[in-house]
Amino acid sequence: MSEATRPIPEGFRTVTPHLVCGDAAAAIAFYKQAFGAVEVGRMDMPNGKIGHAEIRIGDSRIMLADAFPEYGSNDPLALKGTAVVIHLYVDDADAVWERATAAGAKPTMPLGDAFWGDRYGQVEDPFGHRWSIATHKRDVSMEEMQDAMKQMMASDCGGTQQ
């Protein structure tokens with residue numbers, strides 16, 4: 001590595017999501033429409049699949065590629081779900097929510113004011129990836145959050161806590 005080479009490339013953060021999609025080209029088009037993504041680049045394979053692509057949403061990059069099950073790279077739809085939620089902070093959660101659902105995202109948790117201070121909701125995109133959409137509205141201490149969560153759980157559980 002030369003002195004000019006950075007260990008984390010320009011434009012990247014320490015953690016970068018890398019999404020596997022059943023149709024990466026369609027996913028890129030969806031992310032542009034729903035989240036205002038900008039395509040940074042892509043490498044097409046001879047068979048027409050995308051071997052690697054990068055988009056930028058706000059100040060963050062996301063890598064993505066088509067599924068290659070023959071190499072153990074499967075998309076969430078093939079796996080029948082995902083255990084990952086990509087958290088997206090935006091200036092106006094309501095506007096992004098409307099754009100995302102109009103583009104085909106399916107609400108999985110309604111958009112609303114959350115006890116931790118965010119306007120927050122979750123959607124699943126047409127490719128099986130889950131996204132939380134949030135705008136931070138107020139600062140809440142960890143103690144206030146914990147108290148609010150206990151109150152919410154008590155009312156959700158019929159007044160009993162476990």
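Two strands are taken to pair if DSSP finds at least two bridges between them; helices (H or I, at least four residues) and strands (E, at least two) are DSSP runs, numbered from the N terminus. The model is predicted: local features need pLDDT of at least 70, side-chain atom pairs count only at pLDDT 80 or more, and totals for chains, interfaces and linings use all residues. Residues are numbered from 1 along each chain as its sequence is written, and side-chain values use heavy atoms, with hydrogens and water left out.

**The sheet**

His 87 stands opposite Ser 132 in β8. Strands β5 and β8 (residues 130–136) run parallel and are joined by five bridges. Both belong to an open sheet of four strands in the order β5-β8-β7-β6, with mixed pairing.

**Helix α3**

Helix α3 (residues 93–103) lies across β6, β7 (118–124) and β8, at about 165° to β6. Its residues are classed by relative accessible area: buried is under 20%, exposed over 50%, and partly exposed in between (1.4 Å probe, protein chains only).

| Class in α3 | Residues |
|---|---|
| Buried | Ala 93, Val 96, Trp 97, Ala 100, Ala 103 |
| Exposed, on the face turned away from the buried side | Glu 98, Ala 102 |

Just after α3, Gly 104 takes a positive phi of about 120°.

**The core**

A nonpolar core is a set of buried Ala, Val, Leu, Ile, Met, Phe, Trp, Tyr and Cys residues joined through side-chain atoms within 4.5 Å. The largest has 30 residues, of which Tyr 31, Phe 35, Leu 64, Trp 131 and Ile 133 touch the most other members. Helix α1 gives the largest share of this core, seven residues. Leaving aside neighbours within four places in sequence, Phe 35 is in contact (heavy atoms within 4.5 Å) with residues including Leu 88, Val 96, Ala 100, Trp 131 and Ile 133.

Note on methods. Axes are lines fitted to C-alpha atoms, for helices over the stretch in contact, and angles run from 0 to 180 degrees between N-to-C directions.
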